[in-house]
Amino acid sequence: MENFVFHTPKTVADAVSTRKGTSGGKFLAGGQSLIPVLKLDLAQPTDLVSLAGLKKELSYIKVEGDELVIGALTTHADVAGSDVVKKIIPSLAVLASGIGDAQVRNRGTIGGSVAHADPAADYPAAILALDATIKTDRRTIKADDFFKAMFETALEDGELITEVRFKKPEKAGYLKFNNPASKYAIVGVYVAKYGPNVRVGVTGAATVAFRLPDFEAALAKSFDPKVLDGIKVSEEDLVNERDAKADYRAQMVTVFAKRAVEAAH
Amino acid sequence: MLEAKMGQPIRRKEDQRFLTGKGQYVDDLKRPNQTYAYILRSQVAHARITGIDISAAEQMPGVVAIFLGKDVEADKIGTLPCGWLVTGKTGPMVEPPHPMLVTDTIRHVGDSILMVVADTKDQAKAAAQACVVDYDMLPVVASIAAARAEGAPNVWEQAPGNLCYDWEIGDRAATDAGFAKAHKIVTIEITNNRLVPNAMEPRAAIGEYDSGTGDYTLWTTSQNPHLIRLLMAAFTLHVPEHKLRVVAPDVGGGFGSKIFHYAEEVLVTWAAQKVGRPVKWTCERFESFVTDAHGRDHVSTGRVALSKEGDFLAMDFDTHANMGAYLQLFAPSVATYLYAPLLGGVYKTPAIHVNVKAYFTHTTPVDAYRGAGRPEATYLLERLVEKAAREMNMDSIEIRRRNMITTDMFPYQTPLAFQYDTGNFQATLDMALEAIDYKGFEARRKEALGRGKLRGLGFSTYVEACGIAPSAVAGSLGARAGLFEQATVRVNPTGSVTLFTGTHSHGQGHETTFAQIVADQFGIPMENIEHSHGDTAKTAFGMGSYGSRSLPVGGSAIIKATAKVIEKGKKIAAHMLEADVADIEFKDGNFTVKGTDKAKAFGEIAFAAYVPHNYPLLTLEPGLEEQAYYDPLNFTFPGGTHIVEVEIDPETGVVKVVDVAVADDVGTIVNPMIVDGQIQGGLAQGIGQALLEEAAYDEDGQLLTASFMNYTMPRAGDFPFFKVGNHATPCTHNPLGVKGVGECGAIGVPPAVINSVLDALWSLGVRDMSMPASPQKVWRAIQEAKAKGTSADAE
Amino acid sequence: MTSITLRVNGKQVTASVEPRLLLVELLRENLHLTGTHVGCDTSQCGACTVFVDGASMKSCTMLAVEADGREVTTIEGIAAKDGTLHPMQAAFKECHGLQCGFCTPGMVISSIDLLKRKKDPSEHEIREWLEGNICRCTGYHGIVKAVQHCAKNGGAGAVGDATKKESTNA
C-alpha cells in the first residue's frame, strides 16, 4: 500500500474543504471496500479524509413523512438491526443483514457503499427500487440519475453523501444470489410496489445497477410472480464471466425477481 | 487407580494456547535484527528470460541484497529433489531439475525469479516489483489435454509428448479375460478437479545463521522438519546435518501442502548466511495459490465387466495425471502407488488393470493433498459402480453389497498388490444407512418435490491405505526414504514424562492423543506428560506427519518406547524389592512382586534411576529414557461408507447438502472426539471438492481462481452437522490396533456427493456431472437435459 | 507519521505510525499481540477479527489510525485476567471447535459478537453469521456446536476484565 496523508475532520464542511484541498484524495468511511482496494494497490490516493469524526452528525435512522432517512455513516449492522427500518421497510433490513459478512456489516456504511457503486453491491438495487434520493453536501440526486457505470456515480469530485432517503413502499422484497466464493451478488433483485407503480432494481448482473421497465410494467398490472414468466431478460448488457455467464445471470434475474415478489411484504 | 484414558474424548491440552492467542506460528516469531524477503514470482506460464535488471531496485531504501538464480547456482545450491522414483513400462520417469530460482526458463505462473532481502517487508516487496524482467513468451500447455495434443510444445525437452512416465499395475491378461466373458461393460470418463490445499496459515520461513558457531537454524511451516533437514543437508543447501536445526513450531494446518521441501526454506537459510542477518519470508495468499503444491488433477476412464447377475468380473482403468511443471516431492507416487492399488475398493473384483500416464504442464506442481491418490481412486471407482448399477437396473446398495469383500475373506489379497488385514464393510454400510434414515428417503424426496426441490441420495464406499509405510515395500516401489517413525520417552527424575516424537501435530491434537497413550501405559496422570515435537534439536529423528501415519506408525513407536521403559523399570524394581525380574509385574503405575504386596510406584522407580543409591549399577545404567523406531509391517486399511443427501433448487442449480452420514472403520480409537473432528474436517474438504473448489487454468496457464475471491472456500453455511459413526475392526499388525483417520473424510465423500446430485437430477434426464457441481453447472445440465428431452419417462 | 492513542486489551497504547499501517500490523508487529492472524490478502478469511469498541471487525481492513481513541480487544484480552477462559473459549475447547488453531482467535471473537446480539441463535443463524470466518480443519461442526453450547450455558458473558472496565466507563 502506498502512503497517504490522513485527515480527521470533525464536520461535513471540514471534510469537504479538506478533500478539496487534496490533489488526489478520497473520503474514507467504513473502508470495507476502499481498504481492500488500497491493499491490492488498485488505487493510490494522496490523501484519505476520514469521516469517523462525522459519525455523530451522520449516523442516524429516522422517518420523515413517507421517507425512511438514513445518515450516510450508518453501518449496515445498524440498518439491519434497526426496529425503525424493520417497521417501515423491512426488506431494507433484510438487504442490510446480507451485505458482506458480520465484520463488514459492523464497519461498512451506507454512504460508503453507495458512493463506491460496486456493481455487485446490494444497496444500489435498493436505491433504484425504493426511489431513493441521495443527499450530498451540496445537492440532492435522484436514484435514477445516480449510478452511471462501474464504480462511477453522479457524484462530483469531492462531493460527499450525507444521507439517503428511501420512499416507503406499500410492499417490497429483496433477494440475492451470491457468488459462492466472494459472496458478492451475482444477481440481486429488489422489487417495490408503490400503489399502481412498481419499481425493480437489479444489482450484480451488469456492470452497473439497473431497472427493469418490462418487469415493472408487468408487475404494475398484476403484482404476481407468474407475470414475469414470459418476459425475457436481455443478456446483452449482462456480465459474462466464468463464474456466471450472461445467460445464467439473465435467468437468475427472472428467478430472483419472482422470489422477491413472493417475499414482498 | 487412574481411569483409563484410551477411548476417552479427553479435551485437548493444546487448546489453551490456541484459544488465548498464545500459539506460536512461524510468522509470529521475530528474530533479532531480522530482514524480510520477498520473492518475485512469474506472472506468465512459459517464457524465456532474456534479461533481469535489478539496478534500480538495488538503490531502493532498505534493500540489503537481491539474489538471482545464477547466484544460487554459483553457490552450488542443489535443485529441489523428488522423493519417489516411479519406473514405468519403458523405464524410469523423466525427472527434470526443479531450481530454487529459475535462470533461463519460466515454467508456470508463480515460478520464482528472484529474491529481495530488505529491512522491511514493504521495502522488499517494492524493490522486487521494481526489478525489470525481460522475457520472450513461449507457447503454453496448461492442461492434460493440451499436453497430450499432437505437436504440443514440450514443457521439458527430455520429456517428449510431455510424458513423465507410463506405468501400469495389475494382470492385463486376466483383466482381458474378465472382459471377454462380460454380460455387460460399463464405461465412465471422469475428471478429478485440481484443488488448492489452502491451509489457513500461509507458509512462512525464517533462516538464521550464527557465524560464531557456523550453525544454521530454519523455522518453517512444515509437517516434517527432520525430512526437511535431511533434504537440505543432502540435496539442497549442502550444509552438514548436525549444523542445521529445523524447527516447525505451531503450524496452522497442512493437509499435505506442508510436507514438501520448498525453495523458500533453502533460500532464507542460505541468504541468512550471505547477509549476516536472519531472513524472514511470509507467503501472501495470492502467492500461496500459485506456489503451494496443488492436489488431484486426473482425467480417467474406468470400465467394469459385469456378469448377468451383477458381479464385477474385471475392471480396467486408464488415468492421465497432471504433474504440473516440476515433480514435487511425492507427486510421482501419489498418482501411482497411492492411487492405483486402491481401485479395488471394498470389492472382490478378481482382475483389475490400471494404466497411469503422468504429464508435465505449465502449471503449479501437484502433490499430496489430503487423501493423495486415494480420493481420486475412490471417486473413479464409486462413480463407475454407481453407473453400473444404473445401467444394470440394479439397486445402488445391492450392487455394492453383492460385490463386497466379506469378513470371512480377511486377510484379503487384492489383485493390485495390497493385502487388507481386516475390515467389515457390510457393517459400515448398515450403520450409515441407518444413520441417514434410508427407509425414509422416498418420503423426503416426495416432500421436497412438493416444494419444487429435487432430493437425491448418493453412496460411496472406500478403502484407503494409511500408516505409510513399510520401508522395504516402499523402497522396492521407488521410495527414496525409509518411512518408519521414532519416539523417545524420557522419564524425568520426579516421575513426569517428556515424550519426543518425529511426527508433527498441525491440528491433529497429538499432544493430547499421545499423552493419553503414555498415561495409560505408565498409569500416570496426563498432566504429568509433555509432548515435544517439531524441533530437530529436541527430537532425534522422524519422518513426520502425513498419510494418516502419526498414530499407526508414530503411536506404535511410542508403545515400543514405553515398553522399553517398563522393562527397565522392572529391573530396577526387582533390585529394590529384592525379587527376581521375572516376578515383577507392572500395572496401574506400580511395580509389584507377583503374589505379594511389595510394590514400588512408577515415580519411585524413576527417582531411583536418577538417584541410584539403591540401584543395580553393575548391570544397569542409571537414567530412564528409551527410544524406539517402528517400521510398520503393512499398510493399514481404513474403510467405510459415506452417504450424502442433497436437495437441489432446479431454478438456480444450487445444491444444498442436507444430510451426511458416514461410518468409518479407523481401527481402535484413542480419542473419539479428535477422531470425529478429523473425519468432519475431511468431509468438509471432500464436499468442498465436489461442490465448491476448483483450481481452474485458462489456456495461457493463468490460474483463474487465484484468491478467495474466486476459489470457493467452504464456509459454515455450506454444511449441516455431520453424522459420524465408527465401526472398529482393530488393525492386526500394530500394537494399538489403529488404522489412521486423517484422510478418510476427504476420500470417501466426493463420489457420494456427485452420486447424490445425479440421483436428484436423474428424473430430469441428467446423466453426468463433473466436480465441482456448481450452481451454474447444475443449472446448465438441467437446461441441456430439458432441451434434449431425455427425461427418464421418455426413455 | 501520525501519533495515535488507543486502548488495547484495557491498556492505553500510544504509537507513532504511518497512516497506511493496518490495525493488524500494529497489533502483530508493534504490540507483539500475535494471536491475531493474517490468512489472506482479500479481507475474507476473518483470522484477523478483533473487537473495536465492542463490535467484531477485521483488523486487516482497518487502518491503525482509524483505531485512534478506540478500545480494541484481541484474543489475548478475551479471557479473564486470572486466566479463566471466557465461556466461548471454554465452549470451543469443550466442543472441539478448533484443530490447528489458526482461525480460532477470529472465530471466537465473531462467535462472541453473535451471542452479544442474539442470545439464542438458530443453527442456521450461527452458520450464516460465521460467513466471514474461514476454517479449513473442522468442517465447522465443532465450531457451530461450541456456539450452541455457549448459548445454552449462560451465553457469551462479558469479554475479559479489560472490556468489563470499558463498559463500566461507558
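**Chains A, B and C of a predicted model**

Biologist: In chain C, what share of the contacts with a separation of 6 or more comes from residues 24 or more positions apart?

Modeller: The model is predicted, and the values are computed from it. Chain C has 6 helices and 5 strands, and its elements run β-β-α-β-β-β-α-α-α-α-α from the N terminus on. Among its contacts with a separation of 6 or more, the share from residues 24 or more positions apart is 61%.

Biologist: What radius of gyration does chain C have, and what would a compact globule of 170 residues have?

Modeller: The C-alpha atoms of chain C fill a box of roughly 45 × 35 × 25 Å along the principal axes. A compact globule of 170 residues would have a radius of gyration near 15 Å; chain C therefore agrees with the rule, since its own value is 15 Å.

Biologist: How far apart are the centres of the positive and negative side chains of chain C?

Modeller: Chain C has 18 positive and 19 negative side chains. The centres of these two sets are separated by 4 Å.

Biologist: Which domains make up chain B, and how many residues does domain 3 bring to the contact with domain 1?

Modeller: Chain B is divided into domain 1 (31-138 + 201-252 + 258-291), domain 2 (298-468 + 634-794) and domain 3 (484-630). The contact between domain 1 and domain 3 of chain B takes 17 residues from domain 1, and from domain 3 it takes 15 residues.

Biologist: How far apart do the C-alpha centres of domain 1 and domain 3 of chain B lie?

Modeller: Chain B holds 21 helices and 30 strands. Its C-alpha trace spans about 90 × 75 × 50 Å along the principal axes. Within chain B, the C-alpha centres of domain 1 and domain 3 are separated by 40 Å.

Biologist: What is the radius of gyration of chain B, and what does the rule for a compact globule give for 795 residues?

Modeller: In chain B, 80% of the contacts between residues at least 6 apart in sequence join residues at least 24 apart. For 795 residues, a compact globule would have a radius of gyration near 28 Å; chain B therefore agrees, with a value of 28 Å.

Biologist: How far apart are the mean positions of the positive and negative charges of chain B?

Modeller: Buried residues make up 66% of the 795 residues in chain B. The chain exposes about 26,200 Å², of which carbon and sulfur atoms supply 51%. It carries 72 positive and 93 negative charges, and their mean positions are separated by 2 Å.

Biologist: Is B:H226 buried or exposed?

Modeller: B:H226 lies in helix α7 (residues 225-236) of chain B. Beyond its neighbours within four places in sequence, B:H226 is in contact with B:D535, B:T536, B:T539, B:A540, B:F541 and B:G542. Its relative accessible area is 1%, and the limit for burial is under 20%, so B:H226 is buried.

Biologist: Where in chain B is B:A469, whose peptide bond from B:I468 is cis?

Modeller: Most peptide bonds are trans. The bond from B:I468 to B:A469 is cis, with omega near -5°. The place of B:A469 is the loop between β20 (454-463) and α15 (471-476).

Biologist: Is B:N33 buried or exposed?

Modeller: B:N33 lies in the loop between α1 (15-19) and β1 (35-41) of chain B. Although B:N33 is not a glycine, its phi is positive, at about 65°. Its relative accessibility is 51% and the limit is over 50%, so B:N33 counts as exposed.

Biologist: How far apart do the C-alpha centres of the two domains of chain A lie?

Modeller: Chain A is divided into domain 1 (1-50) and domain 2 (171-263). The C-alpha centres of domain 1 and domain 2 of chain A are separated by 34 Å.

How values were computed:
Residues numbered from 1 in each chain as written. Chains lettered and ligands numbered in written order. Predicted model: local features only at pLDDT ≥ 70, side-chain atom pairs only at ≥ 80, totals over all residues. Heavy atoms only, no water. Domains from an automatic or database assignment. Helix = DSSP H or I, 4+ residues; strand = E, 2+ residues; numbered from the N terminus. Rg over C-alpha atoms; globule rule 2.2 N^0.38 Å. Contact = heavy atoms within 4.5 Å. Lys, Arg positive; Asp, Glu negative; His and termini not counted. Charge placed at Lys NZ, Arg CZ, Asp CG, Glu CD. Buried < 20%, exposed > 50% of the residue type's maximum accessible area, 1.4 Å probe, protein only. Areas by Shrake-Rupley, 256 points an atom, 1.4 Å probe, with all protein chains shown as cover.
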